[in-house]
Amino acid sequence: MADNHLGDFLRARRAGLRPEDVGMTSYGVRRVAGLRREEVAVLAGVNADYYTRLEQGRERHPSPQVLDALSRALRLDADARTHLFRLAGTIPSDQPSVHAPDRVGPALRQLMDGYPNTPAFVINPTLDIIAANALTDALYSPFEPADNLARMAFLDPAHRTFYPDWNGTAQATVANLRQAAGLDPDNPRLRELVRTLTEHSADFTRLWNAHTVRGKTQDAKRFLHPDVGQLALTYQAFDVRDAPGQQLVIYHAEPGSPSAHALGLLGSLHATRHQAEHRPHS
């Protein structure tokens, strides 16, 4: 049986809404969570049988007008709306290709190294860390290896203590991967990663099946590092224009804050260890 990504997404988002969330009155005994199919059809102004066919995969190519109506009915934000369009095979013409080599140019590496007091790194759509500066290496040193943000968040033994707000981190990580799946559903690296995480993490499977979609833009995060204690940082993510799909992520601590001092200490400790490891033996 062919995959039914569009129907799975619609069904999951419908299950996440209650009648009161969309201004409707609940009636009758509700055997399933969320809105009924008929209620979504009414909200979107489409035929109930047609909407049922969409969920069941018997209709796979709704018009942009129908997709817009469903986006409004299901209260989708911008990222989730774009994801819905892509699942239906409608890709905006102004969107760049997501295929990019996992290489980082020397100019970008030089830029990252020019941030000695803040972690900076480059990720691809599947959240592989493909380049990082020294302070990023220090920040993620509890992970062995610090190779992929999703694998680190779900499978590495360090994840539960390193992320005090692990639930929030886990939800955001899976939402990022869901967006990547909408952009490039046949990406072999993504399929491999999702298969591995599904096999080894029930938490990942539960969140993956919720079909939440969110891009990585900016947010506040907390870490608990074994060397310097708690860190409260914010990050900004920037698209790498000459490598579509790659993002430069830069973490930042409030100037003069305990977290800024902790980052400075972390950098010093990392530099000292690096020098000791590479000191020539007499």
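These legends walk you through a few close-up views of a predicted model. Residues are numbered from 1 along each chain as its sequence is written. In this predicted model, local features need pLDDT of at least 70 and side-chain atom pairs count only at pLDDT 80 or more, while totals for chains, interfaces and linings use all residues, and side-chain values use heavy atoms, with hydrogens and water left out.

**View 1. Helix α1 and its cover.** Helix α1 spans residues 5–15, and its buried residues include Leu6, Phe9 and Leu10. Buried means under 20% relative accessible area, with a 1.4 Å probe and protein chains only. Helices are DSSP runs of H or I with at least four residues, strands are E runs of at least two, and both are numbered from the N terminus. Among the elements covering the buried residues of α1 are α2 (37–44) and α5 (78–87), where contact means heavy atoms within 4.5 Å.

View 2. The structure holds 14 aromatic pairs. Rings of Phe, Tyr and Trp (its six-membered ring) pair if their centres lie within 6.5 Å; planes under 30 degrees apart count as stacked, over 60 as edge-to-face and the rest as tilted. Tyr140 and Phe162 make a tilted pair, 5.9 Å centre to centre with 45° between the planes. Tyr140 sits in the loop between α7 and α8 and Phe162 in helix α9, so their pair ties together parts 22 residues apart in sequence.

**View 3. Arginine over tryptophan.** Arg160 lies over the face of Trp166, 3.8 Å from the ring centre. Such a charge has NZ of Lys or CZ of Arg within 6 Å of the ring centre and within 35 degrees of the ring normal.

Definitions and conventions
Buried < 20%, exposed > 50% of the residue type's maximum accessible area, 1.4 Å probe, protein only.
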